[in-house]
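Here is a friendly walk through a few features you can follow on screen.

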Amino acid sequence: MFDKTYRQRLEADLAQWEADGVIAPAAAASIRTALPPLPAGINIAIVVAIVGGLLIAAAFLAFVAAHWTEIARLLRFAILLAGMVVAGGLGAWFAARGRLVLADLCASIGAVVFGAGIALVGQMYHLGEDFAGGMLLWSIGAFAGALLTGSRGALAVGLVAASIWTCMRTTDTPDALHLPFVAVWLIAAATAFAWNSRVAAHLVAIALLPWWIATSLRFEFDGAQQSFLLANGAALVFGAGLALAAAPSPRALRLGSVLSVYGALALAGVACLEVTTVDDIVRVRTNTVAAQPLWAILCGIAGVILSLASAAITRRAGEVLASCAIGLVLLAAPLWPAAEAGEPWLAYAALLCAMLCLVVSGMLDDVRPRIVAGWLGIAGVVAGITWAVKGSLLHRSAFLAAAGLVAVAFATALNRMLPRAAR
């Protein structure tokens, strides 16, 4: 929850509790006094200043590009160095005056100029055409800037460069895992953990997607289904996020909660992909054997184990259902080839149950993104089952009707089992 929204809700609750006599006015005042001050937000003046700074930087780059061939090489190099020095100096000046947003922007611009300098120096002096290596060097420089300045923007630049680097390396060597990116990502995750920053946690979570997608698309295993490889990755992120959030540290809670949200969304997306790609609505491979590499299977198993460990620590029923959702999505992979002669009803049922578990899990734990992910997954799976290419549409309608009746019966049983206050 964002700090400002939380404060507004807490203030309303305190006023209501004080009016109802639940707490004394002195207690409410003590709570307000104990709260740390809210961080300064981005006002209109800062937004206009950011736009102005970006326009000036764009004008400078356009002017230099227009006269690039006319400028001597040494002067070009000096211009690049001056750009980084000016960006760093302005960032330090803004940071000293408490303008942290503008300081972060300057550090981000400095990281971008550093990347442009790598490309232009390589072009000027005809260095080796290792574009992926240049991206790695850019990523290292941006990470160094982020660690020195605490800039979220520089961290974002470093993660983007690292993502391009790993995608290119995966394309060059599709038969091998590009594990160096995992080391880079762990450094970024440790940075986000140390900063205790939600923005950094979001950046780190998003940065996992290019590696998993590139790996699943380019890994040349005979008959491997990309959606199944992605399912194992989503399971690992979801389970690891839940386990990390179960740790007593507030920093772990913030990073883990963000990772678990992206894991839940990825799990829902993968459930839709399994229906639409494996069942031939969207053709990705000519061979639809549900083969998976061992490392991917182990990642999925690790995700289930971590989610169960989190449920054991927190004693939350919602996390138990989250573990069930992860396991059911993974179970759909071996269920698919068992029905090659007919339609994969068991796999469809597993995916529908998984998304229903995800919705109920979010409701029990009061995690709205998990609820949204579950509903999106249900919608995508139902749409995929309805419009699948193979099989009879009448059979599919009968399956969906039976699934609906089972869900209604389950809801009726739950309504009788739960206390009135929990309904």
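## Helix α8

Please keep in mind that this is a predicted model. Helix α8 runs over residues 180–195, and its 16 residues should span 22 Å at 1.5 Å a residue.

Which residues of α8 are buried? They are Phe181, Val184, Trp185, Ala188, Ala189, Thr191 and Ala192. These residues cover an arc of only 155° around the axis, so they sit on the same side of α8. The general rule behind such a pattern is that an α-helix has 3.6 residues a turn, so residues three or four places apart point the same way. Just after α8 comes Asn196, which takes a positive phi of about 55°.

## Two salt bridges

How many salt bridges does the structure hold? There are 2. As background, side chains of opposite charge can pair when their charged atoms come close.

One of them joins Arg370 to Asp365, with the closest N and O atoms 3.0 Å apart. Both partners fall below the 20% relative accessible area under which a residue is called buried: Arg370 has 6%, and Asp365 has 15%.

Glu319 and Arg316 form another salt bridge, and here the closest N and O atoms are 3.8 Å apart. That still counts, because the cut-off is within 4 Å.

## A nonpolar patch on the surface

Now turn to the surface, where Leu294, Ile297, Leu298, Ile301 and Ile305 form a nonpolar patch. Together these side chains belong to residues with about 470 Å² of accessible area.

Take Leu298 as an example: this residue is found in helix α12, which covers residues 294–314. Leu298 has a relative accessible area of 48%, so it is partly exposed.

## Thr170 in helix α7

Our last stop is helix α7, residues 152–172, where Thr170 has its place. With a relative accessible area of 3%, Thr170 is buried.

What lies 2.7 Å from a polar atom of the Thr170 side chain? It is the backbone oxygen of Thr166. If you display both residues, you can look for this pair of atoms yourself, Thr166 giving the backbone oxygen and Thr170 the side-chain atom.

How values were computed:
Residues numbered from 1 in each chain as written. Predicted model: local features only at pLDDT ≥ 70, side-chain atom pairs only at ≥ 80, totals over all residues. Heavy atoms only, no water. Buried < 20%, exposed > 50% of the residue type's maximum accessible area, 1.4 Å probe, protein only. Helix = DSSP H or I, 4+ residues; strand = E, 2+ residues; numbered from the N terminus. Expected span 1.5 Å × (residues − 1). Arc of directions from axis to C-beta. Patch = residues over 30% accessible without salt bridge, like charges linked within 9 Å, V, L, I, M, F, W, Y side chains within 5 Å. Areas by Shrake-Rupley, 256 points an atom, 1.4 Å probe, with all protein chains shown as cover. Polar contact = N/O pair within 3.5 Å; in protein donor to acceptor, adjacent residues only side chain to side chain.
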